[in-house]
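This report describes a protein model for a reader who meets it for the first time. Please keep the sequence and the structure in view while reading.

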Amino acid sequence: MSGFDHTKYSAFAPIKMANRTWPDQVITHAPNWCSVDLRDGNQALIEPMTVAQKQELFKLLVKVGFKEIEVGFPAASQPDFDFVRWLIEEDQIPEDVTIQVLTQARDTLIERTFESLKGVKRAIVHVYNSTSKVQREQVFKLDQQGIIDIAVNGAKHVKYCAELAPETQWTFEYSPESFTGTEMEFAVEVVNQVLDVWQPTPSHKAIVNLPATVEVSTPNVYADQIEWFCNQVNYRDAIEVSVHTHNDRGCGVAAAELAVMAGAQRVEGTLLGNGERTGNMDVVTMAMNLYSQGIDPKLDFEDMDEIVRTVKKCTQLPVHPRHPYAGELVYTAFSGSHQDAIKKCLDLRNNEDKWEVAYLPIDPTDLGRSYEEVIRVNSQSGKGGIAYTLEQDCGFQLPRWLQVSFSSIVQSFAEHTASVVSSEDMKKLFEATYMSHEQPYRLGAYTHSRNTYDEIIAKLQGPTTSVEITGKDHGALNAFTQALSEWTDTKIDVQEYHEHALSHGSDAQAISYVQVNINGKKLESAAIHEDTLTSSMNAIVASVNQYFNLVELAVA
């Protein structure tokens, strides 16, 4: 019997709401944002951030424009505690930024949390306990009153500790963790009793955070939960309703957007969506969604490449090339028809016009990006789609750096011939440009062995004689490059490399593409062979041949 059995799961029961209003709402302004990159994002990493990485990411979050930043769980680890102390003691918190710290509703942890905040001018203390039915019954083995007692006692102790430090401007935040799995009436009851302890006012609000700790339903159901809660909770004018969505169903952004339509005023999330399991709500995506609708997101993403670089460096996680707004390829059109449509729209566009360009929902230049880096077409339609055409008709899967190089060559060819470039002509042009450099050197027989280092012993056939070259290094290509460098007395550095099979099966050939820097000059080549290593070495030799032929021409 198949282990893939849908019958063991139960459908999530929707909220019965006859008079919901959120579907008719339109978002007209940005919510208050709170970054949780340094806490929720950090605890989801295989290797938690170092203090130096946290410092760098904090500075980025401030630069982007976050006014509330959750900086850690100081009672849970010494590094988090030390980081909070660094922020305060080194005066790293700007006047318009409020730090937030998280703690469980336990007296010792609350006390340690306030200890970490000693001397801070302003802070949000975020206290939580689990309230969902499954947590209540299976994890804590408590009834509803037992859960309420934990929440109320935690709220009292937070208030007590804050009263001991009146020099700090305190804001209290409470989360009924796993809100979406909690009975709605019970969620309201728990929150009301916490608020009874804190006694918030319209001039000194508390934050009530309603997390989709695990995303268990469609976004519309979450919106119903938020609207129902907002209609039932006490102190509504004295609380700021916040949401913290996760992405288990892939709908974290949609859930947060609908929650704002349903009455939420604040959104917690992370840059680029890093978080536990499938991730947190992606602030970049939600904020840029607002931006694309003509709404000021109150965050600055005009240097998206810097944001991506810093987040990747600090989290050691990749960013998908198709990530909305931030991905390397999101503004790159590979299809010829897309390229042609974009080009025509841009040719007709005046800078004063509202943005309306086919296939580009926003202007990439707003984020420091340029669609022209890859789209190299002239004013005549049908000259684009180079990468798509080569892959579909020839099986060549060009890496991005080679697409950029080859596009300019195809464009020049198209302008010279004043005609549509066929796939056959494109293949011939590719072979002539990158695969025809067979002189003055050719690779002969070689051996490859691996012990502590890879060792390559290869015969290189020159114009009049052959020579045996030897190289050792980590990796066969590095060893071969080292041998070539020593023998030719040139500095050879393989900067880019990509290879793939041209077909399937035991007799499939491999094609290798390389970008080689030789004495400061970048050269690209490609080669095909049944053996991947041989094709790669042949491609490197082809780049060396290009170099020496260019040197010879320069001397002549």
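Predicted model: local features only at pLDDT ≥ 70, side-chain atom pairs only at ≥ 80, totals over all residues.

Lys 67 is partly exposed, its relative accessible area being 41%. Asp 96 likewise counts as partly exposed, at 44% relative accessibility.

A second salt bridge is found between Lys 63 and Glu 306, whose closest N and O atoms are 2.9 Å apart. This pair links distant parts of the chain, since Lys 63 is in helix H2 (residues 51-64) and Glu 306 is in helix H11 (residues 304-315), 243 residues apart. Lys 63 is exposed, with 54% relative accessibility, whereas Glu 306 is partly exposed, with a relative accessible area of 21%. In the whole model the count comes to 22 salt bridges.

## A buried network of charges

Side chains of opposite charge can pair when their charged atoms come close. Arg 266 and Glu 268 form a salt bridge in which the closest N and O atoms are 2.9 Å apart. Are these two residues buried or exposed? Arg 266 is buried, with a relative accessible area of 0%, and Glu 268 is also buried, with a value of 0%. Through salt bridges that share partners, Glu 68, Glu 173, Arg 266 and Glu 268 are joined into one network.

## The eight-stranded barrel

How do the strands of the barrel follow one another? Eight strands close into the barrel in the order E1-E2-E3-E4-E5-E6-E7-E8, with parallel pairing. From one strand to the next, the twist averages 25 degrees. Glu 68, a member of the salt-bridge network, stands opposite Thr 98 in E3.

Helices pack against these strands. Helix H4 (residues 107-116) lies across E3, strand E4 (122-130) and strand E5 (169-177), and runs at about 160 degrees to E3. Helix H10 (residues 283-291) packs on the sheet as well, where H10 touches strand E1 (32-35) and strand E8 (266-269); the direction of H10 makes about 160 degrees with that of E1.

## Contact between H3 and H4

The axes of H3 and H4 come within 9 Å and cross at roughly 35 degrees. On the H3 side, the contact involves Gln 78, Phe 81, Val 84, Arg 85 and Ile 88; on the H4 side, it involves Arg 112, Glu 115 and Ser 116. Sorted by class, the residues of this contact are three nonpolar, two polar and three charged.

## Cysteines

A disulfide is a covalent bond between the sulfur atoms of two cysteines. The model contains zero disulfides by count. Cys 34 is in no disulfide, and the nearest cysteine sulfur, which belongs to Cys 314, is 18 Å away. Cys 34 is buried, with a relative accessible area of 0%.

## The open sheet

Three further strands form an open sheet in the order E9-E10-E11, and their pairing is antiparallel. Which strands lie at the edges of this sheet? The edge strands are strand E9 (442-450) and strand E11 (466-473), each of which pairs on one side only. Neighbouring strands are turned against each other by 15 degrees on average, direction ignored.

Strand E10 (residues 454-461) and E11 run antiparallel and are joined by eight bridges. In this pairing, Glu 455 stands opposite Lys 472 in E11. Helix H16 (residues 476-488) packs on the sheet and touches E9, E10 and E11; the direction of H16 makes about 130 degrees with that of E11.

## A hairpin

Strand E13 (residues 510-518) pairs with strand E14 (residues 521-529) in the antiparallel sense, over nine bridges. Ser 512 stands opposite Ala 527 in E14. E13 and E14 form a hairpin with two residues between them, and Asn 519 in the turn has a positive phi of about 50 degrees.

Key. Residues numbered from 1 in each chain as written. Heavy atoms only, no water. Salt bridge = Lys/Arg side-chain N within 4 Å of Asp/Glu carboxyl O. Helix = DSSP H or I, 4+ residues; strand = E, 2+ residues; numbered from the N terminus. Buried < 20%, exposed > 50% of the residue type's maximum accessible area, 1.4 Å probe, protein only. Pairing = 2+ DSSP bridges. Axes fitted to C-alpha atoms, helices over the stretch in contact; angles between N-to-C directions. Contact = heavy atoms within 4.5 Å. Disulfide = S-S within 2.5 Å. Nonpolar A, V, L, I, M, F, W, Y, C, P; charged D, E, K, R; others polar.
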